[in-house]
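Please look at the sequence and the predicted model together before reading on. The paragraphs below then lead through a few of its parts in turn.

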Amino acid sequence: MSNLSIPKTYKLFIGGKFPRTESGRILEIRGAKGAFLANASRASRKDFRNAVVVSRKAAGAWAKSTAYLKGQILYRIAEVLAGRSSQFEAELTAQGSSNAEADVAGAIALLVHYAGWSDKYQALFSSVNPVASPHFNFSVPEPTGVVSTVAPADGSLTGLVSVMAPVLVGGNSQVILTSGKILSAISFAEVLATSDVPAGVVNILTGMRDELVPEFAKHMDVNALLLCSDDDAEKKAVELEAAENLKRVSLQADKALSPSPYHILDFQEIKTTWHPVGV
Amino acid sequence: MLLKEGAIRFPVVSNEVFPFPTRRDSPVIDQVGVEERAQRFCARSLKKETKVTALKLAVTMLDVTTLEGADSVGKVRQMCQKAMRPLPGDPSVGPAAAVCVYPRMVGTAVKAVQGSPVQVAAVATQFPSGQMRLKERLDEVRYAVGEGADEIDMVISRGQFLQGEYRAIYDEVAACKEACGKAHLKVILETGELTTYDNVRYASDMAMAAGADFIKTSTGKVPIAATLPVTLVMLQAIEDFYERTGRMVGMKPAGGISNAKLALQYLVMVREVLGAKWLTNQWFRFGASSLTNDLLMQIRKQETGRYQSGDYFTQD
């Protein structure tokens, strides 16, 4: 065992890599009692832009991959996370969490929950529609595309996973913003990087909400937005900006989302097909 | 050939040919120095107003290109529309300098851009490999010119160059220049296959001496296309040639320039090496296909403050 203490620099997670922010700015992360914990990157608008570019590139292949593969990969994330749970518990505790163990266990449970949904939500949300013409008419959900996600501000691992997993299992690629207590978010990115999640499908930025949330709503190449917030002014501003390219907007309370297949449905487009029926 | 309304006004085509330069006439290139200097052009800070001006300038310098086996009449027409009016609804953007097509598509392109200042460039001389007898390659040039091409992009025989048959390269460029008549000749060196900066510099010197109106980096068909350092070497060759002979030669980097940021770095380099005189589409061009939309997206971004999506721009 080494006695060297090596403080970690927490970087961003973009396109399967861990780059520093292009702006060179940092956030000082302090523990519950004010002790210095680590330096983390303070993402800029440009980092977000870069993340959207790789996200867009990754979106097509991920949307096309089989439900079976998506389920396997979500389950794999849970496996890798379980193997590193002590690290997460230590980080969460250092940031002031009083129930770190339950938090990590909850995150793992959520991943397994959504892994199970991977090949079932389509059946639940599809329909065969009665029409008054000789057509076989059916509707099926398809992934929306690139989603920008603002994770709950409490810094819990469950909160982060509860917004990431439904978007991921639905076949979307995403850029997630975490702010405040962010150590476990970047450590979670290390889990994603070793869980066969294709590069660029999930990107995690750490930064300031005031600075980045408007950009999340403005970007024309983002198809949907998930915002966890209790600030009515922020929600309204986001909805106004998102209207420019008709982003699908899901506004949620600023806490972990409870597990539900309807969170998957929030980021699906319904495609209806009219198929002529032969005589 | 009548000059089109508002077309780029080239000086009277110079048929001046300079004697064959030997290898010793070309300076040896300091690889480390060139690469470091090229890197420094990437660190210039461009303020918003300059950026918008430069982006719009870059659009007017585009040779909008399609060189695929799958090119059809419809695709070429569509591309010509895009070259003439890159951003429908904003006439301050564009038009592009030229469209660049295979000889068979020249007739289509000429018809499509009629009445606009957009030029028609054709690749010829057995593009992209150049592996054919000179006679047939010259016939191809004459065919393209006969179809109405304003500019000819020829390739040199890299194989012969690498074998040391330098005079053959000089002769083929001179012969092409003659076959071009009033059309402008761009000489593609295919720098990715010339392997060293010394070769690039010598090939540039030779092409210019033999009468090239433009020198161009690449065909876009080999993995290593235009890079900043290789373009810098060619720009320096142009500068030296201009100082020695008083004749201006144009530069066209092509292939691999796919985003606006990189295009602006090229413009910075041209400005700092050759000066503002070269910053027009008469003397500098970008050969690109995917660069157009990125430039347009950046222009819209500067106007609206929103990062743009490919969904809202025409795919040519």
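B:Arg285 counts as buried, at 0% relative accessibility, where buried means under 20% relative accessible area, exposed over 50% and partly exposed in between, with a 1.4 Å probe and protein chains only. Its side chain meets that of B:Glu151 in a salt bridge of 2.9 Å, N to O, a term that stands for a side-chain nitrogen of Lys or Arg within 4 Å of a carboxyl oxygen of Asp or Glu. Because B:Glu151 lies in strand S4 (residues 151–155) of chain B and B:Arg285 in the loop between H11 and S8 of that chain, the pair ties together parts that are 134 residues apart in sequence; helices (H or I, at least four residues) and strands (E, at least two) are DSSP runs, numbered from the N terminus. B:Glu151 is buried as well, at 1% relative accessibility, and both residues belong to a network of salt bridges that also links B:Asp63, B:Asp153, B:Lys186, B:Lys216 and B:Lys252.

This is a predicted model, in which local features need pLDDT of at least 70 and side-chain atom pairs count only at pLDDT 80 or more, while totals for chains, interfaces and linings use all residues. Residues are numbered from 1 along each chain as its sequence is written, chains are lettered from A and ligands numbered from 1 in the order in which they are written, and side-chain values use heavy atoms, with hydrogens and water left out.

Helix H11 of chain B covers residues 260–273, and its 14 residues reach 20 Å from the first C-alpha to the last, close to the 20 Å expected at 1.5 Å a residue, the expected span being 1.5 Å times one less than the number of residues. Ten of the 14 residues are buried, so H11(B) is largely enclosed by the rest of the structure. Among the elements that cover these buried residues are helix H1 (31–40), helix H10 (228–245) and strand S8 (286–288) of chain B. At the N-terminal end the helix is capped by B:Asn259, which has a side-chain oxygen 3.3 Å from the backbone nitrogen of B:Lys261, and just after H11(B) the residue B:Gly275 takes a positive phi of about 95°.

Where chain B meets chain A, the contact (heavy atoms within 4.5 Å) takes nine residues from chain B and eleven residues from chain A. The area buried between them is about 1,000 Å², of which carbon and sulfur atoms give 45%; buried area is the accessible area (1.4 Å probe) that two parts lose on being put together, summed over both. In chain B, B:Arg306, B:Tyr307 and B:Tyr312 lose the most area to chain A, together 66% of what that side buries. One salt bridge is counted between the two chains, and in it the side chains of A:Glu241 and B:Arg306 meet at 2.5 Å, N to O.

Within chain A, A:Glu190 forms a salt bridge with A:Lys8, the closest N and O atoms being 3.0 Å apart. This pair links distant parts of the chain, with A:Glu190 in helix H7 (residues 183–193) and A:Lys8 in the segment before strand S1 (9–10), 182 residues apart. A:Lys8 is partly exposed, with a relative accessible area of 30%. By contrast, A:Arg209 and A:Glu234, whose side chains meet in a salt bridge of 3.7 Å, N to O, are both buried.

Terms used:
A polar contact is a pair of N or O atoms within 3.5 Å; within protein, one must be able to donate a hydrogen and the other to accept it, and residues adjacent in sequence count only if both atoms are side-chain atoms.
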